[in-house]
Amino acid sequence: MRLRRLLGFNLLLAVVLAAAGYYLGWWLGHQVNAKSLDYFGDTGQNDVALFLAYLLGVAGFLAGLGFFNYPFSRIAGRPATVDHDETVDPRGWTRYIGYSTDHKVVGLQYLIGIGFFVFFGAVNAMLIRFELLRPQPNVFGSGQYLTLVGLHGTMMMGMMTSGILGPFGSYFLPLMIGARRLAFPRVEAFTFWLLMAGGLILSSTVFYGGFPTGWTGYAPLNDQANMGMDAYIAFFALVGISMTLLAFNMLATVFMMRAPGLTWGRLPIFVWSIVATAGLNVLAAPVLITTLVMVALDRTAQTGFYLSTQGGSQFLYENLFWFFGHPEVYILAIPGFGIVLELLPVFSRKPLWGYRLAVAGMLGVALLSFFVWQHHLFVSGMNADLRPFYMLSTELISIPTGFIFVCAMGTIWRGRLRYDVPMLFCLGWIFNFLIGGLSGVFLSDVPSDVTTHGSFFSLAHFHYTVVGGLIFTFFAAVYYWLPKMTGVELNQRLGKIHFWIMFVAFNSTFAPLFAVGFLGQPRRVVTYPGNLQFLNDWASVSAFVLGLSILIFLTNLVWSLAFKRSPAAANPWGSKSLEFQVPTPVPVYDFERIPVIDSDPYPYGVEPAPRVPAPAGAPG
Amino acid sequence: MSGPNHIRRVAILTLVATLIALPLVIWVLGPALPPGSGSDQAAGQVTDNTVLTALVTPFVCFILVFFGYALVVFRRRGADDEEGEAIRGDPRAQTLWIVLTSALVIFMAGYGTYALLQNGSGGGQGPDPIAVPRGASLPVQVIAQQWQFTYRYPTYGGVETMHLVLPADRQIELHVTSLDAVHSFWAYGLGVKADATLGTDNVVYVNTRSPRSFDIHCAELCGLYHGYMFDTGKVVGGTEFDAWIQQQQQLYQPIAQYMPPYSTTYSPDPQRRAG
């Protein structure tokens, strides 16, 4: 009986069909055009075969998980249904390793899946810093080093675009707006498994020689590169599709499924950050997909979109990539703004200060982020007369970003601050993002950017905003919401140790790298001047300590979830927002009755306390 | 609301912190900022960096003082479950913040534009430069390819050299181009950076000063040996430069007939894929 459960549409079949699809594609690719490619005879490089292998592999993977069953049954004329597991899933824990349309299951799947690949990216970072202990190559050759750099950057960027929206958006968006599910549960599951397929594809680049372009994948290097490049293209295109669908799903949910009384002015600020981020996703990610399809055509069908020797232009690639790439970094940053402003009221015991200003800040950043992309190209020689415009637009972005800061400052002012672990990570964000944002001033200013562009200064800058911004708020969210998601407490003492080691080690890693860049070290080099060794070694050792702090977190996670298992209270932080008013574990259908909202989400310090919306079945 | 005037305290502390930090930034940190005084453009960047740092210093002081003060003074005492006052905003504070940050930002952009238009600040300006310094320039071409830079001197018969030597106290017009991938020519000590792109003539002006040597790096990932694409350039006195360039002309005389004629860009054979 037990063995019979292995049959059917599940992860096992998915892996089998993925492998079958992969080999079928590989074989087809060799039948189609082996003779027509002039370079194939010299190098054995058949990109058509590898793209087909990836494509059919992904199709097989999704088919094995059962994603095509419902569409085909509809085509066959069966009536529309709600999946059984949107309500009650009989599969027990195994629902977490299969196709599930329960947003809470998908949220946890996202957390674990993204966590896995981000850990992989973090290990690459450790290896990069290990290599940079000496000015001359010592462990890896140039090619391996560049592959590590590319894998680290691409994996982190690709995975963390969904790093907040995937886990916490999926899980808590319906709970925060009083809905029973996301608008498109099947699409939600689809985005997750697509991202996982992408992560495996990117990892497979090591079997095809890696790729030398870093996460930016500039032409014509991307055309010159060997087959490992195809993994990058396939991965980022899948990420783009996943991001777009995830974002449409979130937008549709917020627009259509808010509980009665939940006006736009009463939305939790985290939901507003999801709206702003999702808006960026749906406008920026399709550009990425198209850009990469054109790269793939250059590499397979011998088109010349980005090859100036064949009538194309490298500048076209640079423009298109950064038209996606700059909104992308705000896709990473804005959910962090949302988390900080969502958590500060809870731990300050005060309402959010300047709600409208905070919303304006997020939407303003989102809007402006589409008008700044050429600041990545200040010294490229393209559109040199537009540089003053891009300098202005880039610096204007600090105005709405400043709104987020002033709202945070107003919120803690005269509060009753509690320094629980999530609060510590939010305060860490304030410090890190302040430095990250202000170092951006030097990069947005053309004269200053001439020296800082492409140097370790810009590396330190974006690590301050992405690690110091996004990753710190990611951990704030984990400590804040994971007890709700799993019903189990995390150890607070270990959490505080994790925070302090991480905060000190993070700053100790990246602050010296500003100096390294200022002193003239370009990015992505395997060698550097000997006089910069001390600073590089300092950064490397600090980075290892930073890695250690992540291991402390993982220890806490495993120990608390697998061994200690002390049950979490339904509302451990005394939060007044809706997602903490439902019992833990969250009922399968979230709310027995849809709540009616009659106040803003932060009724702290209000006498008499307004009625916190308490759905039936809530404790207390 | 009785009790101490927190706002006044934060204001005074901010003022004190700023008065301490600002002179340090202007007179101690500023001169140490990169990229030094190797050229007019480099010195201009140092000024620019100093101005930017000085402008953000009061804001940094304010925010750090604010948080330092608030985190200590407004912490929860004991197991107090009291909640803070329900203050949902303050139109005056919000307006003041918006006005101040906007003024700062617009001033920065204006100042940056002004600094840029003086002499191009050492950044690549493409084929039609907008910030052109006055006076005659010595044209020098920088050709990037995987994985080295070479240099051509069109006024000296288009001789192509392996190292960059420039005369002191001259205005140089660098023409940066590439034969393959995108590179970026970064002459750190001169405050020069310009992407090298196939088929594009990227012009940079640099006004050299006294003789010195400077580091050259490739600052755009260009493939396998990107990390090895570095060199040391030299700024030398006028007579020394003349002697050097004559020596180069003699050295490369035997291959001059095989060189392609000088051009702002070069079209190599259609690129073939390489491993």
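**Notebook: helix packing, domains, a sheet and the A/B contact**

I began with helix α12 (residues 314-348) of chain A and α13(A), which pack at an angle of about 175° with their axes 10 Å apart. That angle makes α12(A) roughly antiparallel to α13(A), because angles over 145 degrees count as such. I note here that I am working from a predicted model.

Next I listed the residues that touch. From α12(A) I found A:Tyr330, A:Ile334, A:Phe337 and A:Leu341. They meet A:Ala358, A:Met362, A:Val365 and A:Ala366 in α13(A). By class, this contact has eight nonpolar residues, no polar ones and no charged ones.

I then turned to helix α11 (residues 269-300) of chain A against helix α13 (residues 355-368) of chain A. Their axes come within 9 Å and cross at roughly 15°. α11(A) is therefore roughly parallel to α13(A). I logged the crossing of α11(A) and α13(A) as right-handed.

Which residues of α11(A) meet α13(A)? I read off A:Ile269, A:Trp272, A:Ser273, A:Ala276, A:Gly279 and A:Leu280. On the α13(A) side I have A:Tyr355, A:Ala358, A:Val359, A:Met362, A:Leu363 and A:Ala366. The contact of α11(A) with α13(A) divides into 10 nonpolar residues, two polar and no charged.

**Domains of chain A**

I looked up the division of chain A. Domain 1 covers 1-34 + 44-72, and domain 2 covers 100-575. Their centres, taken over C-alpha atoms, are separated by 30 Å. Domain 1 of chain A puts 12 residues into the contact, and domain 2 of chain A puts in 13 residues.

Which helix gives the largest share of the domain 1 side? It is helix α3 (residues 47-65) of chain A, with nine residues. I sorted the domain 1 side by class and got 10 nonpolar, one polar and one charged.

**Sheet in chain B**

I moved to chain B and traced an open sheet of five strands. The order is β3-β2-β1-β5-β8, and the pairing is mixed. The edge strands are β3 (159-161) and β8 (202-207) of chain B, each pairing on one side only. From one strand to the next, the twist averages 25°.

I followed the antiparallel part strand by strand. Strand β1 (residues 138-145) of chain B pairs with β2(B) in the antiparallel sense over five bridges. I found B:Ile143 opposite B:Thr150 in β2(B). β1(B) and β2(B) form a hairpin, with two residues between them.

Strand β2 (residues 148-153) of chain B also runs antiparallel to β3(B), joined by three bridges. Here B:Tyr151 stands opposite B:Thr161 in β3(B). The hairpin of β2(B) and β3(B) has five residues between the strands. Within that hairpin, B:Gly157 takes a positive phi near 75°.

**Chain B against chain A**

Last, I checked the contact between the chains. How many residues of chain B are in contact with chain A? I have 79 residues of chain B in contact with 79 residues of chain A. On the chain B side, α2 (40-73), α3 (91-119), β6 (183-187), β7 (192-196) and β9 (212-218) each supply at least two residues. α2(B) gives the most, with 12 residues. By class, the chain B side divides into 36 nonpolar, 29 polar and 14 charged residues.

Terms used. Residues numbered from 1 in each chain as written. Chains lettered and ligands numbered in written order. Predicted model: local features only at pLDDT ≥ 70, side-chain atom pairs only at ≥ 80, totals over all residues. Contact = placed C-beta atoms within 7 Å. Helix = DSSP H or I, 4+ residues; strand = E, 2+ residues; numbered from the N terminus. Nonpolar A, V, L, I, M, F, W, Y, C, P; charged D, E, K, R; others polar. Axes fitted to C-alpha atoms, helices over the stretch in contact; angles between N-to-C directions. Parallel < 35°, antiparallel > 145°, perpendicular 65-115°, else oblique. Left-handed = near helix turned anticlockwise from the far one by under 90°. Pairing = 2+ DSSP bridges. Domains from an automatic or database assignment.
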